[in-house]
Amino acid sequence: MKFEQTKEVLNQLVADLSQFSVVIHQTHWYMRGPEFLTLHPKMDEYMDQINDQLDVISERLITLDGAPYSTLQEFADHTGIEDEIGTYERTIPERMEKLVEGYRYLADLYQKGIDVSGEEGDDSTQDIFIANKTDIEKNIWMLQAKLGKAPGIDADSRAKTR
């Protein structure tokens, strides 16, 4: 069996991207405030990007003879992204912080994928991981800028600014 660790990361991403799409959708539905008209359509863009990544990741897993999770139960059982009930009580900055947290989680998982696919010699999947991580990091930068913070992409710099 080839690329076993890579397939594990791919399937983890299937669960996590599915869950994170719901987190973004929740932000989309429950946000209120003066920035609503600007941020509401931005959430559509974020959801589209995550759903596009999910499709590419799932199809790559199938290409490698893997079987992507495909039920809500499987997504819930395997995701590392917390679920929470929607509420109108969160402020827009709190919602943006939640998105940054999810994007950071995904960036770290993509890095793990970059590492294991490199070790296993799966250059094609590694390329997908690298491209998706780059897109995720750009979102972190943009959201952090909106919050008046530096991107904090470097884990060492994040630890110093907390």
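Helices are DSSP runs of H or I with at least four residues, numbered from the N terminus. The model is a predicted one.

**First stop: S58**

Select S58, which is placed in helix α2. Its relative accessible area is 14%, so S58 is buried, the cut-off being under 20%. Now display the surroundings of S58: beyond the neighbours within four places in sequence, the residues in contact with S58 are V14 and P68.

**Second stop: helices α2 and α5**

Select helix α2, residues 36–63, together with α5; their axes come within 11 Å and cross at roughly 165°. The two helices, α2 and α5, are therefore roughly antiparallel to each other. By class, the residues in the contact of α2 with α5 comprise 10 nonpolar, six polar and three charged. The crossing of α2 and α5 is left-handed.

Next, show the side chains at this contact. Those on the α2 side are L39, Y46, Q49, I50, Q53, V56, I57 and R60. On the α5 side, the residues they meet include S124, I128, F129, N132, D135 and K146.

Is N132 buried or exposed? With a relative accessible area of 9%, N132 is buried. Which side chain makes a polar contact with the side chain of N132? The partner is the side chain of Y110, at 3.2 Å. Setting aside the neighbours within four places in sequence, N132 is in contact with Q53 and I57 as well as Y110.

The axes of α4 and α5 lie 8 Å apart, and the helices pack at an angle of about 160°. Helices α4 and α5 are therefore roughly antiparallel to each other, since an angle over 145 degrees counts as such. The contact of α4 with α5 divides into 14 nonpolar, nine polar and three charged residues. The crossing of α4 and α5 is left-handed.

Within helix α4, residues 92–120, select V100. V100 counts as buried, at 4% relative accessibility. Apart from neighbours within four places in sequence, V100 is in contact with I140, L143, Q144 and L147.

Move to the segment before α1 (4–30) and select K2. K2 is exposed, with a relative accessible area of 60%. A line drawn from the C-alpha of K2 to that of T27 spans 39 Å, for a separation of 25 residues in sequence.

Then select F3, also found in the segment before α1. At 14% relative accessibility, F3 counts as buried. What is phi of F3 near? The value is near 60°, positive in a residue other than glycine.

**Last stop: D65**

Finally, select D65 in the loop between α2 and α3 (72–78). Phi of D65 is near 65°, which is a positive value in a residue other than glycine. D65 counts as exposed, at 70% relative accessibility.

Terms used. Residues numbered from 1 in each chain as written. Predicted model: local features only at pLDDT ≥ 70, side-chain atom pairs only at ≥ 80, totals over all residues. Heavy atoms only, no water. Buried < 20%, exposed > 50% of the residue type's maximum accessible area, 1.4 Å probe, protein only. Polar contact = N/O pair within 3.5 Å; in protein donor to acceptor, adjacent residues only side chain to side chain. Contact = heavy atoms within 4.5 Å. Axes fitted to C-alpha atoms, helices over the stretch in contact; angles between N-to-C directions. Parallel < 35°, antiparallel > 145°, perpendicular 65-115°, else oblique. Left-handed = near helix turned anticlockwise from the far one by under 90°. Nonpolar A, V, L, I, M, F, W, Y, C, P; charged D, E, K, R; others polar.
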